[in-house]
Amino acid sequence: MIKKLLDGEIDLKDTFWKFGVVGLIFMNMLVRIFGSMLAQKLNGLTLLNYYSTYFNPLKMDSGMVLWTVVYLVTIGIMLFYCVVLILGTWRSSAQYDRSIWLRHVARFLIVIMVFYSVRSIF
């Protein structure tokens, strides 16, 4: 499915609504859920501050390390998904021949949605 999306073989309507809108909402919620679970462990500290000041490898909290790894992996997956989504929408809209306006509006809106989704998690 990712290969079809990346190659632009999926219809623009499905690419935009299913993968763009719904997919970005789902990925953003997933990152926020794992981020909130990590925030409970951090007690108001930043990740960098915790690992540079309070982290001790000899007495490490395995739950803290687990939630940090899961959170960072979901951010990586979301960033990968955003790149695939932009490329897939761009290629799918290039094959869309019904309306040139919708082609460019879809491209513009996907870039804006990805920008705000990535901005909201950082």
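The secondary structure of the protein comprises 5 helices and 0 strands. The model is a predicted one. From the N terminus on, the elements follow the order α-α-α-α-α. The radius of gyration is 18 Å, well over the 14 Å that the globule rule gives for 122 residues, so the protein is more spread out than a compact globule. Along the principal axes, the C-alpha trace spans about 60 × 25 × 20 Å.

Two packed helices are described by the angle between their axes and the distance between the axes. Helix 4 covers residues 62-94, and helix 5 covers residues 100-121. These two helices pack at an angle of about 170°, and their axes lie 9 Å apart. Angles over 145 degrees count as roughly antiparallel, so helix 4 is roughly antiparallel to helix 5. On the helix 4 side, the contact includes Tyr-71, Ile-75, Met-78, Leu-79 and Trp-90. Among the residues they meet in helix 5 are Arg-103, Ala-106, Ile-110, Val-114 and Ile-121. By class, the contact of helix 4 with helix 5 has 15 nonpolar, 3 polar and 2 charged residues.

The largest pocket has a volume of about 180 Å³. Its lining consists of Asp-11, Leu-12, Lys-13, Phe-16, Trp-17, Tyr-96, Arg-98, Leu-102, Val-105, Ala-106 and Leu-109. Helix 2 (12-42) and helix 5 each supply at least two residues of this lining. The lining divides into 8 nonpolar and 3 charged residues, with no polar ones. Ala-106 belongs to the pocket lining and also to the helix 5 side of the contact with helix 4.

How values were computed: Residues are numbered from 1 along each chain as its sequence is written. This is a predicted model: local features need pLDDT of at least 70, side-chain atom pairs count only at pLDDT 80 or more; totals for chains, interfaces and linings use all residues. Side-chain values use heavy atoms; hydrogens and water are left out. Axes are lines fitted to C-alpha atoms, for helices over the stretch in contact, and angles run from 0 to 180 degrees between N-to-C directions. Helices (H or I, at least four residues) and strands (E, at least two) are DSSP runs, numbered from the N terminus. Angles under 35 degrees count as roughly parallel, over 145 as roughly antiparallel, 65 to 115 as roughly perpendicular and the rest as oblique. Contact means heavy atoms within 4.5 Å. Ala, Val, Leu, Ile, Met, Phe, Trp, Tyr, Cys and Pro count as nonpolar, Asp, Glu, Lys and Arg as charged, and the others, Gly among them, as polar. On a 1 Å grid over the protein atoms alone, a cavity is a set of points where a 1.4 Å probe fits but cannot get out, and a pocket is an open set with protein on both sides within 12 Å along at least five of seven lines; lining residues have an atom within 4 Å of a point. Grid points are joined across faces, edges and corners, and a volume is the space filled by probe spheres set on the points. The radius of gyration is taken over C-alpha atoms; the globule rule is 2.2 Å times the number of residues to the power 0.38.
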